[in-house]
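Please read the following report alongside the sequence and the coordinates shown here.

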Amino acid sequence: MMIRYASYFIAALLPLLLFRWFAPASIGEIDFWLLWLLAMVLVALPVVYAEIALAYRSVEGPLAGMQKLTREADVSPIWRSFGWLAALVSIVIAALVISGASTGILSALTELNSVPDVPSFAVAAGLMVIALLLSLLGVAPLPIGLGLMVIGLLLGFANGVPNAGFAMTDISLTEWARAVALALVSVGAGTGLYWFGQNLVSKQTVTAVEATNQQANNRAATREYRATKLVLPIWVLQLLIGVVALFTNGMSLPPIGQLLYWGGVLFVASYLLHYSTQQLTHKFGLLVSLIITFAVALLLVVAIPTAWLVGILVIISSITVLLLSVFAGWQMKISHLRKSLNFSNEAVYNLWRVAIRLVVPLALLLALIGWVMQWLS
């Protein structure tokens, strides 16, 4: 039962996890939130559709699925790098939020006069070890993490909600870059998490069906399948939680609220490590994959400053989404994608195809230019 709702937990958790890293200093910038909404429609929504379509077509996880799909489409193996980069993106996100958790926990303990005499990187390393151990539990930590984060935020409401002070500001390419990045990370675009979640559900369904009835059930599933039934609930949930994250961004939490919130973050990070480990297992086996995941995550969280982790996440996730959009839009056979998406209206499919082939790559390139301009300034 928990596996069936893993994608919805992730949809609710990612905005709460990542808004603080990409939202503007003032939450009242109306133009920024309009750009974020535009990016959610033009970039995030088509990409989530693409992930679900490729998941349905491959009936495998992202790494194994891309191998199958590239052979089917008879294209270069270079496109398989999406699976590797998606696993890396999830590790970078885990390292980023655990780095933030170490700082937040030390800050809360300082307010409680209980701060240990250890450096922040040592706390981060210890939290990473705990997260890796929790990752062995699979999907189970997700509801626990969501519950702890929500309780922590509710305690923060006692201190009041930050004053929004809504106003229009000048629109710039750097603002578009931040809006696109926020849209991508808040929906988990390019991570393959929804692809992975759909694959878990498919495996569970196959396991539960008796061999004599499997073919009939597959035919029934094909008749009933609509990508929209999976994508729209996820996207709408992300939009609603994003609005909540908007108003809670910058909210002051009491020490206990901070500890609960960051404890919840730790549980969510464990699922991200679980996902990356499962992808690498396809190539290296479970034990080696655990070691690789832990080594990369530990290196990121200990050796790289948090601000750099944000930049690394922006670059790698943008490249990953660009690979996905070009592969789905230009390399996959039209008939295969049309069947996988199974839109009820041909016009909707054509709109999606224009978006994934042209709009998404152009928006990502403009966003990357905006980020470069911001970094150079």
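## Basis of the model

This is a predicted model, in which local features need pLDDT of at least 70 and side-chain atom pairs count only at pLDDT 80 or more, while totals for chains, interfaces and linings use all residues. Residues are numbered from 1 along each chain as its sequence is written, and side-chain values use heavy atoms, with hydrogens and water left out.

## Overall form

The protein chain has 15 helices and 0 strands, where helices (H or I, at least four residues) and strands (E, at least two) are DSSP runs numbered from the N terminus. Its C-alpha trace spans about 65 × 50 × 35 Å along the principal axes.

Among contacts in the protein chain with a separation of 6 or more, 87% join residues 24 or more positions apart, a contact being heavy atoms within 4.5 Å. Buried residues make up 53% of the 377 residues, with buried meaning under 20% relative accessible area, exposed over 50% and partly exposed in between (1.4 Å probe, protein chains only). The accessible surface comes to about 16,000 Å², and 68% of this area belongs to carbon and sulfur atoms; the areas come from the Shrake-Rupley method with a 1.4 Å probe.

## The nonpolar core

The largest nonpolar core holds 122 residues, of which Phe22, Trp36, Leu142, Tyr271 and Trp352 touch the most other members. Such a core is a set of buried Ala, Val, Leu, Ile, Met, Phe, Trp, Tyr and Cys residues joined through side-chain atoms within 4.5 Å. Helix 2 (residues 30-58) gives the most to this core, with 17 residues.

Leu142 touches Ala6, Phe9, Ile10, Leu13, Val268 and Tyr271, when residues up to four places away in sequence are not counted.

## Two loop residues with positive phi

Val59, in the loop between helix 2 and helix 3 (62-73), has a phi near 55°, a positive value in a residue other than glycine. Val59 is partly exposed, with a relative accessible area of 46%.

Asp74 lies in the loop between helix 3 and helix 4 (81-111), and has a positive phi of about 55° although it is not a glycine. With a relative accessibility of 71%, Asp74 counts as exposed.
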